[in-house]
Amino acid sequence: MQSALIVGKKICSSLLLRNWVRPLSAASDKLTNVEVNDKTGFAKLTMNRPPVNGLNLDLLRDLHQSIQDIEKNKCRGLILTSASNTIFSAGLDIMEMYKPDQERLKQFWTALQDVWLALYGSAVPTAAAINGHSPAGGCLLAASCEYRVMLPKYTIGLNETQLGIVAPKWFMSTFRNVLPRRIAEQALTQGKMFTSDEALKIGLVDELAATKEEALLKCEKFFASFAKTDPIARYLTKKQLRHNDIKELLDEKVQDVENFVLFVNQPSVQKGLGLYLESLKKKAK
Ligand SMILES: CC/C=C\C/C=C\C/C=C\CCC/C=C/C(=O)SCCNC(=O)CCNC(=O)[C@H](O)C(C)(C)COP(=O)(O)OP(=O)(O)OC[C@H]1O[C@@H](n2cnc3c(N)ncnc32)[C@H](O)[C@@H]1OP(=O)(O)O
């Protein structure tokens with residue numbers, strides 16, 4: 001695993017916490033970074049896979065491990081954010097789906113399912129400080145959290161239909177958990193990307209913030225709103241509200257991987273992904 005867990009911004013040597021400080025291979029290899037504020041107990045989970053935090057197998061596995069660590073340590077809040085100044089996450093790394101190795105493709109989708117199950121179902125309160133563009137899988141991660149604060153002039157949405165791909169049911173239930181059904185249906189079928197202002201207006205994000213620091217503070221303020229609640233009662237309430245969405249995927253996890261593999265391997269989907277990748281590369285030139 002390549003992620004780093006830092007407590008109070010330094011490696012903690014106490015016996016209690018020693019177990020969950022995961023050693024780094026090398027600083028430049030880190031794909032996620034976790035910092036726990038030892039006063040508040042809030043954890044900041046930062047995605048760090050330049051240039052665009054494309055969710056490849058390694059980043060997904062890293063994210064999963066970090067979410068589990070934060071949960072095990074009984075942190076009082078998890079804020080998901082990005083090390084990039086302009087991109088929260090570009091969503092799934094299309095290179096994982098284009099001309100894929102079949103075994104890796106299965107592992108990739110399973111890793112995404114595991115991240116979603118861990119984040120959407122987390123016992124720890126979750127928030128996203130969306131400090132950049134957040135299309136598709138990036139939007140899924142943000143929408144899986146309980147609260148979202150976004151910086152201005154970026155875009156967010158589930159744009160799959162614009163790429164000729166179909167968001168699976170659990171992407172859609174995540175959206176429906178946040179948005180009124182009719183707005184969710186329109187947004188999903190159009191593959192609409194919302195500006196920060198539009199996202200605020202429809203309730204896809206809860207607040208805007210001028211800077212990342214302000215966004216982090218607003219997420220912390222959200223966590224502080226639970227100060228007078230019992231953490232177990234809070235979690236059990238969230239769990240019941242999200243139960244059906246989670247159960248639906250758990251019941252169909254293997255079938256869902258098979259559907260994904262079948263879908264991605266269709267020649268028309270491969271052709272579309274190839275053209276899309278080309279258009280992204282041309283744009284970068
Ligand atoms: C009937 C069927 C039933 C059920 C279906 C079953 C299963 C479901 C099947 C499939 C579901 C799949 C769900 C998919 C989810 C996804 O997340 S797909 C990914 C969608 N993402 C996007 O569309 C974002 C694309 N990227 C951008 O819009 C922009 O790059 C950006 C706004 C994020 C950033 O813009 P810039 O800062 O200008 O950066 P560049 O565009 O120059 O990009 C830099 C660099 O990164 C490469 N890149 C960007 N995004 C991706 C990506 N997602 N994957 C891979 N690579 C990406 C880009 O090409 C540049 O590369 P270089 O040129 O530098 O090599």
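Me: What is the order of strands in the open sheet of three strands, and what kind of pairing does it have?

Reply: This is a predicted model. In it, the open sheet has the order 6-8-9, and its pairing is mixed.

Me: What makes strand 6 and strand 9 edge strands?

Reply: Each of them pairs on one side only. Strand 6 covers 134–135, and strand 9 covers 194–195.

Me: How do you know that strand 6 and strand 8 pair, and in which sense?

Reply: Pairing takes at least two bridges. Strand 6 and strand 8 (residues 155–157) have two bridges, in the parallel sense. Within this, Pro135 stands opposite Gly157 of strand 8.

Me: What holds paired strands together in general?

Reply: Strands of a sheet pair through backbone hydrogen bonds, either parallel or antiparallel.

Me: What is the hand of the crossing where helix 2 passes helix 3?

Reply: The crossing is left-handed.

Me: Which residues make the contact of helix 2 and helix 3?

Reply: On helix 2 they include Leu57, Leu60, Leu63 and Ile67. On helix 3 they include Phe108, Ala111, Leu112 and Val115. By class, this contact of helix 2 with helix 3 has ten nonpolar, three polar and three charged residues.

Me: Which residues meet between helix 3 and helix 10?

Reply: Leu105, Lys106, Trp109, Thr110 and Gln113 in helix 3 meet a set in helix 10. That set is Lys253, Asp256, Val257, Phe260, Val261 and Val264. The classes are six nonpolar, two polar and three charged.

Me: What makes helix 3 and helix 4 roughly parallel?

Reply: Helix 4 spans residues 137–144, and helix 3 packs with it at about 25°, with axes 9 Å apart. The limit is under 35 degrees. Therefore the two helices are roughly parallel to each other.

Me: How many nonpolar, polar and charged residues are in the contact of helix 3 with helix 4?

Reply: Trp116, Leu119 and Tyr120 in helix 3 meet Leu140, Leu141 and Ser144 in helix 4. They divide into five nonpolar, one polar and no charged.

Me: Which peptide bond is cis, and what is its omega?

Reply: The bond from Pro50 to Pro51 is cis, with omega near 5°. Pro51 is in the loop between strand 3 (42–47) and helix 2.

Me: What is the phi of Asn53?

Reply: Asn53 has a positive phi of about 50°, although it is not a glycine. Asn53 is also in the loop between strand 3 and helix 2. Most residues other than glycine have a negative phi, and most peptide bonds are trans.

Me: What are the confidence values for the protein?

Reply: The mean pLDDT is 91, and 89% of residues reach 70 or more. Over residues 7–27, pLDDT stays under 50. For the complex, the predictor gives an ipTM of 0.96 and a pTM of 0.92.

Conventions
Residues are numbered from 1 along each chain as its sequence is written. This is a predicted model: local features need pLDDT of at least 70, side-chain atom pairs count only at pLDDT 80 or more; totals for chains, interfaces and linings use all residues. A crossing is left-handed if the near helix is turned anticlockwise from the far one by less than a right angle, and right-handed if clockwise. Helices (H or I, at least four residues) and strands (E, at least two) are DSSP runs, numbered from the N terminus. Two residues are in contact if their C-beta atoms, placed from the backbone, lie within 7 Å. Ala, Val, Leu, Ile, Met, Phe, Trp, Tyr, Cys and Pro count as nonpolar, Asp, Glu, Lys and Arg as charged, and the others, Gly among them, as polar. pLDDT is the predictor's confidence in each residue, from 0 to 100. Axes are lines fitted to C-alpha atoms, for helices over the stretch in contact, and angles run from 0 to 180 degrees between N-to-C directions. Angles under 35 degrees count as roughly parallel, over 145 as roughly antiparallel, 65 to 115 as roughly perpendicular and the rest as oblique.
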